[in-house]
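The following exercises concern a protein chain and its ligands.

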Amino acid sequence: MYKVIVTDPISQTGIHALTSNSNFQVTQLTDLSEAELISQIPEYDALIVRSQTQVTRAIIQAADQLRVIARAGVGVDNIDLDAATEKGIIVINAPSGNTMAATEHTLAMMLALARNIPRAWQSLNSGKWERKLFKGVELYQKTLGVVGMGRIGTEVAKRAKGFDMKILGYDPFLTEDRAKKMGIIKADLDTIAREADFITVHTPLTPETHGLINAEFLAKTKPGVRFINCARGGIINEQDLVDAVNSGHVAGAAIDVFEQEPPQNTGLTQNPNIIVTPHLGASTAEAQEKVAQSVSEEIVSIFMTGGVQHAINLPRISAAVQQKIQPYLTLSEQMAELLMQLFKKAPQKIKINYYGELFLEDTGLLTRQMIKALLSYYLDTSINIVNVMQVLKAHSLAYSVQKNAAHKGFTNFIELEIIHDDEKATIACTYLPGFGGRIVSINGYRIDMEPERYLLYISHADVPGMIGNVGSTLGQASINIGSMYVGRQTIGGEAVMILTVDRAVPEATLKQIKDLPDLHDAQFAEIDMPQAEK
Ligand SMILES: NC(=O)C1=CN([C@@H]2O[C@H](COP(=O)(O)OP(=O)(O)OC[C@H]3O[C@@H](n4cnc5c(N)ncnc54)[C@H](O)[C@@H]3O)[C@@H](O)[C@H]2O)C=CC1
Ligand SMILES: O=C(O)C(=O)COP(=O)(O)O
C-alpha cells in the first residue's frame, strides 16, 4: 500500500485514479506548517501540492519514504528541486492542465484593466454613478508584448490577435519561422519596452527571470503602458512597478501572483491603478480537475509500472518516446544487474551502445536505469534514476554513450560494457515484439536467453561430460533447470554454460559445482523480476 499525502486543496473528482485504487491510501491535510509537515512526511510515499505548500529542503530531508513530489499545476518554484534530486525524489507537474485557465485569466485581467471594471463595480456597488471616472482604453490595434512564448504565452497571443492586437513575442526559443506562422513578430525585450501598450509575462520564475521587469526596463517603456502578471510574483519587481504606477508613467497593472503570498505590499494591493486577484489563474473547475487527474494518473503509473511522463528532474521524454523505450526499461536494468553480479568489481568506466531503431530515440532514461543498477551493487540502495547522474559524478566515474544506426543482426540492440583496470565484462540485449526481451550475449558468447530470476554462469573447458555433471549436481540438490545456453570460443577451448534455474542455488551446491573437474568458475546471480513474474 502506497501512502499519498495531499497538502493543498485539490479536485476530488481529479484524484479518483488514486482514491479508487486499493494500492493507494490518500490523506488530505491542508494548511500545515513546515514543522507539521516535517513530522507527517516520513510515512508517505508521495506528496501532492499546488502553489501554497512550500516544499523546503528540511521537509525533503525528513521524507524518508518519499518517491514522488507531484505539483498539480505548472510552476515548481515552491519545491526545492535540488534537495529532491539529491534525495532521489522524482518531481512531476501537470504542465498543460491549466493552460487555458491561466490564458483566459490573463485576457480577463487585460480587459478588466483596460476598462477599469473592478473599480467601476466597486463604485456602483457603493451607490455611486461615476461614468466620467472610468473611461478606459481599447485593445483594438494596440501592441501587446508577450514575454515568454510557451504554452500560456502562445495561447494568450492567439486570442489577443482576435482583438486585432499587434503581438510582439519574446522567448529564447521563439524562432522567426514559428512567429511568422503564428502571425506575430519575434522581438527582443528592448523592442517590447519601446513599442508595447500592454506587456504580459509568461515565463517561469528562475534566477534569470527574477526582476526581469525592473526599474531599468520600466524606464524604457512607453508612457501609459499597462502590465499583466499572471505567471509568477517577482518576474516584475513589485516595488519598481508600484513606483512607476504612482509616478504616472505606467497607467496600470493587473497582478494575479505575488512574491510573497498572501502579499504584504499594500502599495500593490491597495493601489487604485493596480488590479489584483489572489492567484486565481488556474482556479477553474476544469483546470483543477485536469491537473489533479494528470498527477494522480502519473503517480499510479510511477508506482505500478515505473512510467514517468512529466518529470521535472529527469530527462524530458514524450509519451510517444516513453512508449517506445518502455519494453527496454526493465530489460536493461536486469541486464545491468546480471552483469554486475557476474563481474563483481566496481566499474571505473561504463560504456553503453545503442544500435538499430534505438538510434533515433531519446534513451536517457535507459542509460540512467542501467547505471543505477550497476552502481546500486556497491553503493547504497538510495540511488535511483533521479539522482544517479549526481552519484556517478560524485564518484568521478567515466561513462560514454554511443548510438549507431547499424542493426547488428537485430532491429534494436543495447550493449553494456563495464571496465575495471584491465578487466572488462559485456552484455547485450534486444527486444523482440511478440516474444519479449532477450539477453543475446554475455562476454562475447552469443546466447538467446529470456531473463529469469535465478541464473548460473559457468565457465569451463570445452570437454565432454560437463553438461551432465552440472545437471546431475543440481539434480541431487533438487534444483530444476529451466533453460540452458552453451557457447565456446574454439573447439576444446574455453566455454561457458548459462543456466536458468527454478530456485536459488545454495552455497554448498555452488561449491560442489565449482569443484567439478575442468570447471573453471561458477557464479550464481539473482535478478529482480517485475512483480507479476515473481
Ligand atoms: N497564475 C496562475 O495560477 C498560473 C501561473 N502559471 C505560470 O505561468 C508561467 C508559464 O507557464 P507555461 O506557459 O505553462 O510554461 P511554459 O514552460 O510552457 O512556458 C514558459 C516559457 O518561458 C520561456 N522563458 C524562460 N525564460 C525566459 C526568459 N528569460 N525570457 C523569456 N522567456 C523565457 C520558456 O522558453 C518557455 O517558452 C509559469 O511561471 C507558471 O508557473 C501557470 C499556470 C497558472
Ligand atoms: O500552475 C501554476 O503554476 C500555478 O501557479 C497555479 O497555482 P495553483 O495550483 O492554483 O496554486
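**Exercise 1.** Determine how helix 17 and helix 18 are oriented relative to each other, and state which residues form their contact.

*Solution.* The structure is a predicted model. Step 1: locate the two elements; helix 17 covers residues 466–476 and helix 18 covers residues 507–514. Step 2: consider their axes, which come within 10 Å and cross at roughly 160 degrees. Step 3: apply the cut-off, by which angles over 145 degrees count as roughly antiparallel. Helix 17 and helix 18 are therefore roughly antiparallel to each other. Step 4: assign the handedness; helix 17 passes helix 18 in a right-handed crossing. Step 5: list the contact, in which Val470, Thr473 and Leu474 of helix 17 meet Thr509, Gln512 and Ile513 of helix 18. These residues comprise 3 nonpolar, 3 polar and no charged.

**Exercise 2.** Classify the packing of helix 14 and helix 15 by angle, and describe the composition of their contact.

*Solution.* Step 1: helix 14 spans residues 319–343, while helix 15 spans residues 364–376. Step 2: the axes are 8 Å apart and the packing angle is about 25 degrees. Step 3: an angle under 35 degrees counts as roughly parallel. Helix 14 and helix 15 are therefore roughly parallel to each other. Step 4: the crossing of helix 14 past helix 15 is right-handed. Step 5: helix 14 contributes Ile325, Tyr328, Leu329, Ser332, Glu333, Ala336, Glu337 and Met340 to the contact, and helix 15 contributes Leu365, Leu366, Gln369, Met370, Ala373 and Leu374. Step 6: sorted by class, the contact of helix 14 with helix 15 contains 10 nonpolar, 2 polar and 2 charged residues.

**Exercise 3.** Describe the geometry of helix 5 and helix 7 and the residues through which they meet.

*Solution.* Step 1: helix 5 runs over 99–114 and helix 7 over 151–161. Step 2: their axes come within 9 Å, crossing at roughly 50 degrees. Helix 5 and helix 7 are therefore oblique to each other. Step 3: their crossing is right-handed. Step 4: on the side of helix 5, the contact residues are Thr99, Met100, Ala102, Thr103, Thr106 and Leu107; on the side of helix 7, they are Arg151, Ile152, Glu155, Val156 and Arg159. Step 5: this contact divides into 5 nonpolar, 3 polar and 3 charged residues.

**Exercise 4.** Which residues come nearest to ligand 1, and which helix supplies the largest share of the shell around it?

*Solution.* Step 1: there are 32 residues around ligand 1, and Gly75, Gly148, Gly150, Ile152 and Gly281 come nearest. Step 2: helix 5 and helix 7 each supply at least two residues of the shell. The largest share, 3 residues, comes from helix 7. Step 3: by class, the shell around ligand 1 holds 15 nonpolar, 12 polar and 5 charged residues. Step 4: domain 1 (2–97 + 285–304) and domain 2 (99–276) each provide at least three residues of this shell.

**Exercise 5.** List the residues around ligand 2 and sort them by class.

*Solution.* Step 1: the list consists of Arg50, Ser51, Gln52, Gly73, Val74, Gly75, Asn98, His279, Gly281, Ala282 and Ser283. Step 2: the shell around ligand 2 divides into 2 nonpolar, 8 polar and 1 charged.

**Exercise 6.** State how the chain is divided into domains, and how far apart the centres of domain 2 and domain 3 lie.

*Solution.* Step 1: the domains are domain 1 (2–97 + 285–304), domain 2 (99–276), domain 3 (317–451) and domain 4 (453–524). Step 2: the C-alpha centres of domain 2 and domain 3 are 49 Å apart.

**Exercise 7.** Describe the backbone at Pro262 and at Gln141.

*Solution.* Step 1: Glu261 and Pro262 are joined by a cis peptide bond, with omega about -5 degrees. Pro262 belongs to the loop between strand 11 (250–255) and helix 12 (266–269). Step 2: Gln141, a residue other than glycine, has a positive phi near 65 degrees. Gln141 is located in the loop between helix 6 (117–125) and strand 6 (143–147).

Methods
Residues are numbered from 1 along each chain as its sequence is written. Chains are lettered from A and ligands numbered from 1 in the order in which they are written. This is a predicted model: local features need pLDDT of at least 70, side-chain atom pairs count only at pLDDT 80 or more; totals for chains, interfaces and linings use all residues. Axes are lines fitted to C-alpha atoms, for helices over the stretch in contact, and angles run from 0 to 180 degrees between N-to-C directions. Helices (H or I, at least four residues) and strands (E, at least two) are DSSP runs, numbered from the N terminus. Angles under 35 degrees count as roughly parallel, over 145 as roughly antiparallel, 65 to 115 as roughly perpendicular and the rest as oblique. A crossing is left-handed if the near helix is turned anticlockwise from the far one by less than a right angle, and right-handed if clockwise. Two residues are in contact if their C-beta atoms, placed from the backbone, lie within 7 Å. Ala, Val, Leu, Ile, Met, Phe, Trp, Tyr, Cys and Pro count as nonpolar, Asp, Glu, Lys and Arg as charged, and the others, Gly among them, as polar. A residue is near a molecule or strand if its C-beta atom, placed from the backbone, lies within 6 Å of it. Domain bounds come from an automatic or database domain assignment.
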